[in-house]
Amino acid sequence: MPVSLQTTSLVSSNSFGQLFTVTTFGESHGPAIGCVIDGCPPGLPIAVEEFRADLDRRATGKSRHTSQRREADEIEILSGVYEGKTTGTPIALLIRNTDQRSKDYGDIAQSFRPGHADYTYWQKYGIRDPRGGGRSSARETTMRVAAGVIAKKWLAERHGVRVRGYLSQIGEITPGSFDWAAVEQNPFFWPDAHDVPTLESYMDALRKSGDSVGARVNVVADGVPPGWGEPIYGKLDGDLAAALMSINAVKGVEIGDGFEVVAQHGSQHRDEITMDGFASNHAGGILGGISTGQAVVASMALKPTSSILIPGRSVNLAGEPVDVVTKGRHDPCVGIRATPIAEAMMALVLMDHALRHRAQCGDVGEMSPRIP
Ligand SMILES: Cc1cc2nc3c(=O)[nH]c(=O)nc-3n(C[C@H](O)[C@H](O)[C@H](O)COP(=O)(O)O)c2cc1C
């Protein structure tokens, strides 16, 4: 009888990570969304209140520039936490949906929004839940943010790693200057407070026009020690790219200088090593798929929202031509709410790699010389 030597298991595409594994479930207008986090080390203190800040940062309805759906996003911890600490068993988190308005989606059920996942889900599954976009809705990213809270906390406590993001472009607009302190002070996660009035009027005009616009989000992890990541198929940059690309509406990911490297020379791009540390960080903190000890830097491009009020050509279920106008509550620029999601995905990847590094190379310790 043939013996199977297969060592990798087939993991469903609703799960993410190897040792710190997150599985999400739920649809936009179903009764609830949730996740199961498997592989979290025991003993990490975690309380319901600690999810509040990041869930609020991702939430809709916080300003007139995002979707007006208002979800309470009250998290329930169903398992894996005892007397305020993780137990090492699966952590199940649940959020009940409370502000569905499915009648807005009657038209979507009969036709395919150009630029959305309606047509591809239909072709793949032959059945779809059109209410609020079903599983293809960014409502699912709420649970990534929730799981990311645990990863961020463990990374900070265990390794002093801090993961932060910001919006670095809306349409043609880029920040005039950069200040981390400004990022959390405006509804755009924008690093230059002076630009905020310009963004406000830009978004107001866009909303009135019924159209949408793309955006760019940057995410940075400080304090990552050298050695995390794996050649060849488990590269830290490869896993980061996949994680960020898995976010709804992301069409491009860059690590470090990204596509700018095309026009660079080697003498310019290489990050020279001095006694005081690396002289630059064009690599984005990763070489050979492994962290250098510098900041890990990534960037992602989000497309303009496809659900807009401007009519677009499509077909209906009967195969007839139709003009689609999408009503309902939508984000005119999905990038405005994407910063906490990008942070969460980076934190999940880093935590997974921290545990993988510890599992295989935990005995190696710090090597000399260590670049400061
Ligand atoms: C934070 C966030 C909010 C989003 N909100 C909307 C929305 O209101 N309306 C919409 O049509 N798409 C929205 N999207 C994008 C869709 O979820 C996405 O375009 C769709 O699932 C198709 O997948 P794809 O664009 O990755 O191919 C949002 C994406 C993100 C990240």
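Predicted model: local features only at pLDDT ≥ 70, side-chain atom pairs only at ≥ 80, totals over all residues.
Which polar side-chain atom lies 2.5 Å from an oxygen atom of the ligand? The atom in question belongs to S307.

**The ligand and its surroundings**

The ligand is surrounded by 15 residues, of which S136, K303, S307, H330 and D331 are the closest. A backbone N or O atom of A249 lies 2.9 Å from an oxygen atom of the ligand. On its own the ligand has 630 Å² of accessible area, and the protein covers 86% of it.

A249 has a positive phi of about 75 degrees, although it is not a glycine. With a relative accessible area of 23%, A249 is partly exposed.

**Aromatic rings**

A pair of aromatic rings is described by the distance of the centres and the angle of the planes. The count for this model comes to five aromatic pairs. Two of them are set out below.

| Ring pair | Distance of centres | Angle of planes | Arrangement |
|---|---|---|---|
| F112 and Y119 | 5.4 Å | 85 degrees | edge-to-face |
| Y166 and F178 | 4.8 Å | 65 degrees | edge-to-face |

Planes over 60 degrees apart count as edge-to-face, and the planes of F112 and Y119 stand at 85 degrees, so this pair belongs to that class. The planes of Y166 and F178 are at 65 degrees, so this pair is edge-to-face as well. Y166 lies in strand 8 (residues 162-170), whereas F178 lies in the loop between strand 8 and helix 5 (180-183), so the pair ties together parts that are twelve residues apart in sequence.

Over the ring of W180 sits the charged end of R164, 4.1 Å from the ring centre. Elsewhere, K124 lies over the face of Y125, at 5.9 Å from the centre of that ring.

**A buried aspartate**

D118 lies in helix 3 (residues 118-125). Buried means under 20% relative accessible area; D118 has 4%, so this residue is buried. The side chain of D118 makes a polar contact of 2.8 Å with the side chain of R113. Apart from neighbours within four places in sequence, D118 is in contact with I108, S111, F112, R113 and R128.

**Backbone features**

Most residues other than glycine have a negative phi, and most peptide bonds are trans. The positive phi of A249 has a counterpart in E83, which is not a glycine and has a positive phi of about 50 degrees. E83 is found in the loop between strand 5 (81-82) and strand 6 (85-86), and is exposed, with a relative accessible area of 69%.

There are also cis peptide bonds. The bond from P231 to I232 is cis, with omega near 0 degrees, and I232 is found in the loop between strand 9 (215-222) and helix 7 (236-245). The bond from S368 to P369 is cis, with omega near -5 degrees, and P369 is found in the segment after helix 9 (339-361).

Methods:
Residues numbered from 1 in each chain as written. Heavy atoms only, no water. Phe/Tyr/Trp six-rings, centres within 6.5 Å; stacked < 30°, edge-to-face > 60°. Helix = DSSP H or I, 4+ residues; strand = E, 2+ residues; numbered from the N terminus. Lys NZ or Arg CZ within 6 Å of the ring centre and 35° of its normal. Buried < 20%, exposed > 50% of the residue type's maximum accessible area, 1.4 Å probe, protein only. Polar contact = N/O pair within 3.5 Å; in protein donor to acceptor, adjacent residues only side chain to side chain. Contact = heavy atoms within 4.5 Å. Near = heavy atom within 4 Å. Areas by Shrake-Rupley, 256 points an atom, 1.4 Å probe, with all protein chains shown as cover.
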